[in-house]
Amino acid sequence: MITAIKAAPRLDSRGNPTVQLDLTTEHGVFRAIVPSGASTGANEAVELRDGDPSNYSGKSVHKAIHNVENIIGPALIKSGLRVETDQKKIDELLIALDGTKNKANLGANAILGVSMACARAGAAAAGLELYEFLRRESGAKKPYVMPVPFFNVLNGGVHSGNKMAFQENMIAPVGASSFSEAVRMSSEVYQHLKQILTKQFGASAVGIGDEGGFAPPISQPHEALDLLVEAVSEAGYEGKIKFAIDPASSEFFKNGTYDLGFKDDAPNPLSPEQLMDLYHSLLSKYPIVLLEDPFAENDWASWTEFCKNCPVELVGDDLLVTNKIYVQEAHEKKACTAMLLKINQIGTISEALEAANLAYRYGWSVFVSHRSGETTDDFIADLVVGLRTGHIKSGAPCRGERVAKYNRLIEIEEALLARGEEVVYAGAKFSAASRL
Ligand code: PGA
Ligand code: ZN
């Protein structure tokens with residue numbers, strides 16, 4: 001039984017306020033802290049901010065906190081819904097209390113915190129680990145699949161102060177034999193990358209961006225990928241570590257063109273066709289296994305055109321915003337082959353699971369993701385195992401809010417093995433993890 005719900009403002013990894021939730025049941029107090037994006041999709045659920053310039057430059061979240069304590073909390077306590085069995089009904093109640101399509105009324109930041117805390121409380125009440133509770137909720141089958149961690153080791157776009165238009169350059173240790181080995185290999189590559197950057201650009205070049213990756217003074221996609229090739233080779237993992245890119249291209253799409261110089265003084269606009277050629281050339285030259293948001297959220301025609309002949313997993317982030325309506329539209333338009341899953345894009349755990357299961361039904365993959373503004377909350381680590389998505393991105397192997405998720409996954413892997421469970425590391429089959 002839920003007996004109390006408290007919300008309070010806390011800081012996220014960029015130093016902006018966010019909502020922290022404490023939900024009390026007879027089993028204890030269960031906490032959740034809500035993340036926040038920078039390159040957000042236009043159709044994401046609404047993150048409610050107060051807009052008072054004198055308070056955190058307009059970013060304070062008192063309205064969201066007020067909504068938790070005065071509207072959601074009392075209604076949920078009165079409902080008598082049980083956290084161990086009623087997650088879906090709880091989320092439906094939250095959606096109904098808000099009454100809008102995009103949670104603009106109570107705020108997705110208010111609603112998500114409650115939904116996450118209920119799942120944690122539900123797991124405890126049912127005597128389950130959170131990943132097991134989420135597995136039960138999602139209907140995912142065994143064996144347990146440990147995900148390939150995609151580490152964003154070079155940050156660009158709106159996540160860093162360098163001139164690089166592409167937001168994320170990730171390494172994916174598909175050739176590891178376990179999750180913990182994948183972390184070790186990638187951490188070694190990260191340290192080699194640091195040395196290479198220091199040698200090439202000087203010690204000031206190893207400052208990091210929002211997701212813990214380095215942000216050296218480079219601008220072109222091939223410069224980033226060449227650095228990754230060198231670091232992987234120096235670490236001795238050629239062939240075992242592949243790459244992925246998230247250009248987050250909605251950020252530099254203007255008037256029908258993609259301006260790769262949007263952070264530079266010199267504009268460098270590419271037509272969608274020129275950008276497609278650039279991707280094909282990068283895909284042929286580098287061991288890339290996944291491409292996310294190569295086109296803007298409203299440039300559906302380019303997505304569909306590119307998807308006809310895309311040899312790697314094509315992930316929709318801003319395009320889909322973890323919302324089954326856009327997943328369905330993308331399926332009809334044959335626009336992509338995978339859904340990025342960010343829980344705060346949609347605002348409740350049940351809706352995120354529903355969108356993921358719809359993606360699975362279309363034969364797609366699901367890629368679980370953190371946000372650039374994160375917290376030490378490690379909920380998504382359990383989510384990726386519970387939903388058996390086979391891959392997760394949580395930034396570089398650096399910064400507490402990033403490694404909290406990776407460390408929790410190491411802990412889950414250790415616990416499953418100690419219990420004698422069958423555990424599969426997704427490896428090169430990460431796209432097909434739900435069907436392994
Ligand atoms: P965001 O970036 O959290 O700033 O949206 C992550 C991403 O685009 O995948
Ligand atoms: Zn993205």
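A residue is taken as buried when 20 or more other C-beta atoms lie within 10 Å of its own C-beta atom, and Asp317, with 27 C-beta neighbours inside 10 Å, therefore counts as buried. The legends below describe close-up views of a predicted model.

**View 1. Asp317 and its contacts.** Asp317 is placed in the loop between strand S12 (313-316) and helix H9 (324-332). Leaving aside its neighbours within four places in sequence, Asp317 is in contact with Gly41, Glu292, Asp293 and Leu340. Asp317 also belongs to the residues that surround ligand 1.

**View 2. The annotated binding-site residues and Glu292.** The unreviewed UniProt entry places the feature "binding site" at Asp246, Glu292 and Asp317. These positions are spread over 72 residues of sequence, yet they cluster in space, the largest C-alpha distance being 9.3 Å. Glu292 lies in strand S11 (residues 288-292), and it is buried because 27 other C-beta atoms are within 10 Å. When residues up to four places away in sequence are not counted, Glu292 touches Asp246, Val315, Asp317 and Leu340, so that two of its contacts, Asp246 and Asp317, carry the UniProt annotation as well.

**View 3. The shell around ligand 1.** The residues that surround ligand 1 are Gly37, Ala38, Ser39, Thr40, Asp246, Ala248, Asp317, Ser369, Arg371 and Ser372. By class, this shell has two nonpolar, five polar and three charged residues. Both parts of the protein take part in the shell, with at least three residues drawn from each of domain 1 (2-127) and domain 2 (138-435).

**View 4. The largest nonpolar core and Val366.** The largest nonpolar core has 137 residues, and those with the most contacts inside it are Ile171, Ala172, Met339, Ala356 and Val366. Helix H3 (residues 108-125) supplies the largest share of this core, eleven residues. Because domain 1 (2-127) and domain 2 (138-435) both give residues to this core, the core lies between them. Around Val366, and not counting residues up to four places away in sequence, the residues touched are Ala338, Met339, Leu341, Ala356, Ala359, Tyr360, Leu387 and Thr389.

**View 5. The contact between the two domains.** The domain assignment gives domain 1 (2-127) and domain 2 (138-435), and the centres of these domains, taken over C-alpha atoms, are separated by 26 Å. Across the contact, 31 residues of domain 1 meet 33 residues of domain 2. On the side of domain 1 that touches domain 2, the elements giving two or more residues are strand S3 (28-33), helix H2 (87-98) and H3, and H3 gives the most, with seven residues. By class, this side of domain 1 has 14 nonpolar, eleven polar and six charged residues.

**View 6. The annotated N-terminal region.** The unreviewed UniProt entry places the feature "domain: Enolase N-terminal" at residues 2-134.

**View 7. Asn255 in its loop.** Asn255 is found in the loop between strand S8 (253-254) and strand S9 (257-259). From C-alpha to C-alpha, Asn255 and Pro149 are 35 Å apart in space, and they are 106 residues apart in sequence.

Definitions and conventions
Residues numbered from 1 in each chain as written. Chains lettered and ligands numbered in written order. Predicted model: local features only at pLDDT ≥ 70, side-chain atom pairs only at ≥ 80, totals over all residues. Near = placed C-beta within 6 Å. Nonpolar A, V, L, I, M, F, W, Y, C, P; charged D, E, K, R; others polar. Domains from an automatic or database assignment. UniProt positions renumbered as here; feature names shortened; annotations may be inferred. Helix = DSSP H or I, 4+ residues; strand = E, 2+ residues; numbered from the N terminus. Buried ≥ 20, exposed ≤ 12 C-beta atoms within 10 Å, placed from the backbone. Contact = placed C-beta atoms within 7 Å. Core = buried A, V, L, I, M, F, W, Y, C linked by C-beta atoms within 7 Å.
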